[in-house]
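This report describes bonds and charge pairs between side chains. Look at the sequence and the model before reading on.

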Amino acid sequence: MYNAFIKKLSPALGVMLACMTLAHAQPQATTAPPTSIGTVTFLVGDARLERSGTITPLTKGQTLQVGDRLLTGANGHVHARMLDNGFISVRPSGRLHIQSYTYTPQDPGANRVGLMLESGVARTISGKAGEAAREHYRFNTPVAAIGLRGTDYVVQALPDATRVSVLKGAVTLSPFGPSCLSASLSPCTGPLVRELAAGSPHAYMEVRAQGGFPVIIAPDQGKDAPNKVAPPRPEETGVSAERQLSNAIAANLLRNSSEAAEAQVKAQAQAQAQAQAQADAAALAAAASKPPVGESIAVPLPQIVWGRWSTLALAGSASPNIASLITPDREITYGNDLFGLLRPTNSVRFPSEGVISMNYQQGEAYLQVQQPGAAQQLTTANLSATKLQLDFNTRQFATSLSATAKDRTYDLHAQGGIHAQGLLMVDATRSNMNLAGALSNNAQEAGYLFDANVAPNQNLVGVTRWSR
């Protein structure tokens, strides 16, 4: 009877065993190994890695992943080279969280970089991911957000303040708020955003947790600059040379990394150079028709110039691409959402006394409307009633202008200091627009970028050039 029961059950057992064997034989679903986003290239002292809640000692050559934290003790330094050739240095007593890092050369719009310095001092040199997609790059601290305008900067994160200094290019700084969310990778907007460029190595920008508008600390008062609080090791000094962070790299920063965009930039630069050559030739010919007796003919070219960012199309604008303006003897001093301002690299001599009323030469401005969830709209603004006075006796400047857009005129004014490096830095308490400017040698020319919040989601953004 038992045998008969087994015989009846055997077919069912066979099917069950076969199914179990098949199930066991099926390949198990696997999770792709985490992508390596960088490599530790140097470390010294107390240097650790926190990954998935576990802290282990760091080793040279160790690969990094999204989500990692780099931790240093009081004597620790860590350097990392990222997959897009970016560079990160975490100095003593630092905590840096790599929140996101995506680099897709074939699709620059998909690049994403999100870094969070929880404490300490860190230096970052942006790689190709951030350079090709500044709109998806963010460096956060507990109290503020830093956006990318350039390549090389140092940040100090304190519990109640953030300080940033710029070695190459420029950055924006804004406290967190409704138009600057910590969870976003997009650039912050609104009246609390301020910019700092590399024109002065010991100046820094500071924002406090309850302090509102970022403040630029002048070089002669910069004793708490991040580079002074936590100086770099000698191994960091070779980083800039290694990446050749010169104007040639800055040009690469300012163009889209796709081949099509690069070709477009080159074509635009060639066309602009040809047009400029033709204009220069025409000017020389006109001057030659009535040559001054005993004098040679020279066509002066502007020392202060500006251009638009390579990924930006401005309808009706004659502004060249910034990449076409960068030369070995010309550098970027400041940048805003639309433009970059350049001056000669040897601009180091400025008056020590006297008052100069500068003459307005040209400018360009737009009313920028950015509604949530909608594409940015730009409307040309006409500039008038322009004034700029430089007082070298008190090292102060004052400027005013009117901008008209959509049948409405906005009266803007600003005052601030003239610093030893020939930089114009606005005093927000005496101004209704943000401003950043620069002078050429002996204050022969001046230029400044400006922006002003004129209504909810509306900003006036522009640039001006002046001469004696």
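In this predicted model, Glu50 and Arg69 form a salt bridge, with their closest N and O atoms 3.7 Å apart. Glu50 and Arg69 are both buried. In general, side chains of opposite charge can pair when their charged atoms come close.

The structure holds 15 salt bridges.

| Salt bridge | Distance |
|---|---|
| Glu50 and Arg69 | 3.7 Å |
| Arg208 and Glu206 | 3.4 Å |
| Arg465 and Glu445 | 3.6 Å |

How exposed are Arg208 and Glu206? Arg208 has 35% relative accessibility and therefore counts as partly exposed. Glu206, at 14% relative accessibility, counts as buried, because buried means under 20%.

Arg465 and Glu445 also form a salt bridge. This pair links distant parts of the chain, 20 residues apart: Arg465 is in strand S28 (residues 458-467) and Glu445 in strand S27 (residues 445-455). Both Arg465 and Glu445 are buried.

Why is the disulfide of Cys180 and Cys188 called right-handed? The torsion about its S-S bond is about 50°, so the disulfide is right-handed. Cys180 is buried, and Cys188 is buried too.

Note on methods. Residues are numbered from 1 along each chain as its sequence is written. This is a predicted model: local features need pLDDT of at least 70, side-chain atom pairs count only at pLDDT 80 or more; totals for chains, interfaces and linings use all residues. Side-chain values use heavy atoms; hydrogens and water are left out. A disulfide is a pair of cysteine sulfur atoms within 2.5 Å. Buried means under 20% relative accessible area, exposed over 50%, partly exposed in between (1.4 Å probe, protein chains only). A salt bridge is a side-chain nitrogen of Lys or Arg within 4 Å of a carboxyl oxygen of Asp or Glu. Helices (H or I, at least four residues) and strands (E, at least two) are DSSP runs, numbered from the N terminus.
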